[in-house]
Amino acid sequence: MFRRRGIDPKARRVALQIGGSRVALGAAIFLATRPALRAMKFPEPGPTGVALAKLGGGRDIAIGALTLSSLSDPERLRTVLLVSNLCDLADAAAFGWAARDPEMRLPGASGVLSGGAAALVGFWAWRRLGDA
């Protein structure tokens, strides 16, 4: 018979960090939108930009909370991490697109790097969880 190993502790720790970071960043963007965007070097947003940023913050809170609630279930955690990683890749692509505008060069480049790095680390954890 096949015997299932426990959850990979390194992958679980990475997932915990990803989930916690998502909740923290999402909450900052949702609750203190303008200061958070200034800290990330975005130009001053109008009402549409604030609303869109809050949507993204809410998304990150939800995905982070799902990640944290899945830490003891490797299969569920893999599914949630896959969604999280795909969102990070989409964010990196969106920031790359936005970086074509001179006003968005710095936040765009930062977003490409952070989104790409988050996806890379997340896919590493996703793969390790598949070995369980």
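In this predicted model, α1 goes past α3 in a left-handed crossing. The two axes approach to within 7 Å and cross at roughly 150°. Angles over 145 degrees count as roughly antiparallel, so α1 and α3 are roughly antiparallel to each other. On the α1 side, the residues making the contact are Ala15, Leu16, Gly19, Gly20, Arg22, Val23, Gly26, Ala27, Ile29 and Phe30. On the α3 side, they are Ala53, Lys54, Gly57, Gly58, Arg59, Asp60, Ile61, Ile63, Gly64, Ala65, Thr67 and Leu68. Sorted by class, this contact between α1 and α3 holds eleven nonpolar residues, seven polar ones and four charged ones.

The protein chain has five helices and zero strands, so to speak a plain run of α-α-α-α-α when read from the N terminus. Its C-alpha trace spans about 60 × 25 × 20 Å along the principal axes.

Next comes the pairing of α4 with α5. Their axes lie 8 Å apart, and the helices pack at an angle of about 160°. With the angle over 145 degrees, α4 and α5 are therefore roughly antiparallel to each other as well. The crossing of α4 past α5 is left-handed. As for the make-up of this contact, 15 of its residues are nonpolar, eight are polar and three are charged.

α1 also packs against α5, at an angle of about 140° and with the axes 9 Å apart. That angle makes α1 oblique to α5. Here, too, the crossing is left-handed. From α1, the residues involved are Lys10, Ala11, Val14 and Ile18. They meet Val121, Gly122, Trp124, Ala125, Arg128 and Leu129 in α5. Seven nonpolar residues, one polar residue and two charged residues make up the contact of α1 with α5.

The largest pocket holds about 980 Å³, and 29 residues line it. Nearest its centre lie Ile29, Phe42, Asp60, Asp91 and Phe95. Two of these names have come up already: Ile29 of α1 and Asp60 of α3 also take part in the contact between those helices. Four helices each give at least two residues to the lining, namely α1 (9-31), α3 (47-69), α4 (74-98) and α5 (105-130). The largest share, seven residues, comes from α3. By class, the lining of the largest pocket splits into 16 nonpolar, eight polar and five charged residues.

Taken together, the helices already described as packing partners turn up again around the pocket. α1 and α3, which cross at roughly 150°, each supply at least two residues of its lining.

Technical notes:
Residues numbered from 1 in each chain as written. Predicted model: local features only at pLDDT ≥ 70, side-chain atom pairs only at ≥ 80, totals over all residues. Heavy atoms only, no water. 1 Å grid on protein atoms, 1.4 Å probe; cavity = no way out; pocket = protein on both sides within 12 Å on 5 of 7 lines; lining within 4 Å. Points joined across faces, edges and corners; volume = space filled by probe spheres on them. Nonpolar A, V, L, I, M, F, W, Y, C, P; charged D, E, K, R; others polar. Axes fitted to C-alpha atoms, helices over the stretch in contact; angles between N-to-C directions. Parallel < 35°, antiparallel > 145°, perpendicular 65-115°, else oblique. Left-handed = near helix turned anticlockwise from the far one by under 90°. Contact = heavy atoms within 4.5 Å.
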